[in-house]
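Biologist: Could we go through this model together? I would like to begin with one of its helices.

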Amino acid sequence: MTAMLRWTPPVRGKHQRSVEIKEQMILHTRFLCVWVLRGPRTPEAVLRRRVAAAAKRLRKRGAVRVVLPEEFAFREQLGELRPVSTLSLRQAMAADWARWSLIRRGVPAAGARVAVCADTLTGEVVRTVTELSLRHRYVLLDLPYGGEELCRSLRREYGVSLLLRPAPEELAAADAALLFAPRKTAPAALPVYDESRPLPPLFLPPALEEQLPGGVNREQLLSVLRERGQQVTMGP
């Protein structure tokens, strides 16, 4: 089960529990939500105890991962409760991230040189390379081994050429480089593998955006909702 941890402010004259937990549906997705009381003067030591107590209750209810508040500083108190990973979202949006980066820098997308760097040819890498090959004239694939069959398939099905294992100077000259694994020779790097790197703006359809709670990590929340079938798009 996926949990969500949210801060709740104190209300003068109202008795409030320091930790309150209940299930909540967000866009047809069930979350086990916990509200932790936090005021502007609440000591950090008190917040650590409350977060630890909240995490313990979530784990007892079967939660294994959690959507966290924005700028959350108490991950050590979560114990075995894992923050929601955004890696699958990043991989799914990789081709759009490259296009967004090119547009922001005024690079014509059709003639751009876009590289994909990976250690293995996973399904997400294949999908990303295929999308890029249909959008851009020059696509480079930096792999330590393999990829020949993908090159033949793209040429046979779409008539596009894929440059496999480019030289370091060719990789360095790419207008955008999607890194599914670390590389040192890609200056225009977009590190897909690095979950600490913020993504460009992501959106749901406007009618659904209004139903999202505020104050939580947006990328983590959208990662969960995308897993449940919601369509996530990247801003212009």
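This is a predicted model: local features need pLDDT of at least 70, side-chain atom pairs count only at pLDDT 80 or more; totals for chains, interfaces and linings use all residues.

Biologist: Is α3 as a whole enclosed or open to the outside?

Modeller: Helix α3 is largely enclosed by the rest of the structure, because eight of its eleven residues are buried.

Biologist: How many bridges join β6 to β7?

Modeller: Five bridges join these two parallel strands. Within β7, D142 stands opposite C117.

Biologist: Is D142 buried or exposed?

Modeller: D142, which lies in strand β7 (residues 138-142), is buried, with a relative accessible area of 15%.

Biologist: Which side chain does the side chain of D142 make a polar contact with?

Modeller: Its partner is the side chain of R183, at 2.6 Å. Leaving out residues up to four places away in sequence, D142 touches V116, C117, A118, P166, L171 and R183.

Biologist: You mentioned C117. How many disulfides does the model contain?

Modeller: The count comes to zero disulfides. C117 is in none, and the nearest cysteine sulfur, that of C151, is 14 Å away. The cut-off for a disulfide is a pair of cysteine sulfur atoms within 2.5 Å.

Biologist: What is the relative accessible area of C117?

Modeller: C117 is buried, with a relative accessible area of 0%. C33 is also buried, and its relative accessible area is likewise 0%.

Biologist: Now the nonpolar core. Which residues of the largest one touch the most other members?

Modeller: They are F31, V129, L141 and L178, in a core of 49 residues. Helix α3 (residues 94-104) supplies the largest share of this core, six residues. A second, separate core has 19 residues, including A3, I21, A55 and V66.

Biologist: Why would such residues gather in the interior?

Modeller: In soluble globular proteins, nonpolar side chains tend to be buried together.

Biologist: What is L141 in contact with?

Modeller: Setting aside neighbours within four places in sequence, L141 is in contact with V116, L121, V125, V129, L150, L162, L163, L164, R165 and P166.

Biologist: One last topic: where does E195 lie?

Modeller: E195 lies in the loop between β10 and β11 (202-203). It is partly exposed, with a relative accessible area of 38%. Not counting residues up to four places away in sequence, E195 touches V84, S85, T86, L87 and R90.

Biologist: What separates the C-alpha atoms of E195 and V114?

Modeller: They are separated by 21 Å, and the two residues are 81 residues apart along the chain.

Terms used:
Residues are numbered from 1 along each chain as its sequence is written. Side-chain values use heavy atoms; hydrogens and water are left out. A nonpolar core is a set of buried Ala, Val, Leu, Ile, Met, Phe, Trp, Tyr and Cys residues joined through side-chain atoms within 4.5 Å. Buried means under 20% relative accessible area, exposed over 50%, partly exposed in between (1.4 Å probe, protein chains only). Helices (H or I, at least four residues) and strands (E, at least two) are DSSP runs, numbered from the N terminus. Contact means heavy atoms within 4.5 Å. A polar contact is a pair of N or O atoms within 3.5 Å; within protein, one must be able to donate a hydrogen and the other to accept it, and residues adjacent in sequence count only if both atoms are side-chain atoms. Two strands pair if DSSP finds at least two bridges between them.
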